[in-house]
Amino acid sequence: MSIKQLAGGDERIVRRYEYDDSWILAADIGLTSEEVDVDVVGTTAIVVAESGDDVSEAEFELPGPDASVATNNGVLTITVEK
């Protein structure tokens with residue numbers, strides 16, 4: 001397993017985990033699933049978050065097109081099977 005951690009301009013933490021059978025991106029966004037919309041187009045995940053009047057968007061390149069998305073307790077998880 002390998003781990004890579006990034007902090008964006010707003011200091012939110014994004015971690016990327018790579019296992020033998022999958023690749024996982026976990027982002028502490030602090031929002032509910034109703035406040036976050038994720039679209040996967042090819043190998044790009046487009047994340048749009050709305051909190052009140054604030055709207056932010058981020059894009060992540062994925063290592064493959066078969067991604068599953070989940071939001072739980074304010075953590076967004078994108079999993080790509082190898």
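What follows looks at the nonpolar core and the charged pairing in this predicted model.

Nonpolar side chains in soluble globular proteins tend to be buried together. Here, the largest nonpolar core is made up of 15 residues, and those with the most contacts inside it are Ile29, Val36, Val38, Leu62, Leu76 and Ile78. Strand 3 (22–28), strand 4 (36–41), strand 5 (44–51) and strand 8 are the elements that give two or more residues to this core.

Leu62 is a handy way into the neighbourhood. Setting aside residues within four places in sequence, Leu62 is in contact with Trp23, Val40, Thr43, Ala45, Ala67, Ile78 and Val80. Ala45 counts as buried because its relative accessibility is 0%, with the cut-off set at under 20%. With residues up to four places away left out, Ala45 touches Asp39, Val40, Ala58, Glu59, Phe60, Leu62 and Ile78. Ala45 also has a C-alpha to C-alpha distance of 6.4 Å to Glu61, although the two are 16 residues apart in sequence.

On to the charges. Side chains of opposite charge can pair when their charged atoms come close. A search of the whole structure turns up one salt bridge, in which the side chains of Lys82 and Glu18 meet at 3.0 Å, N to O. The pair ties together distant parts of the chain, 64 residues apart: Glu18 belongs to strand 2 (residues 13–18), while Lys82 lies in the segment after strand 8 (75–81). As for solvent, Lys82 counts as exposed at 59% relative accessibility, whereas Glu18, at 33%, counts as partly exposed.

Technical notes
Residues numbered from 1 in each chain as written. Predicted model: local features only at pLDDT ≥ 70, side-chain atom pairs only at ≥ 80, totals over all residues. Heavy atoms only, no water. Salt bridge = Lys/Arg side-chain N within 4 Å of Asp/Glu carboxyl O. Helix = DSSP H or I, 4+ residues; strand = E, 2+ residues; numbered from the N terminus. Buried < 20%, exposed > 50% of the residue type's maximum accessible area, 1.4 Å probe, protein only. Core = buried A, V, L, I, M, F, W, Y, C linked by side-chain atoms within 4.5 Å. Contact = heavy atoms within 4.5 Å.
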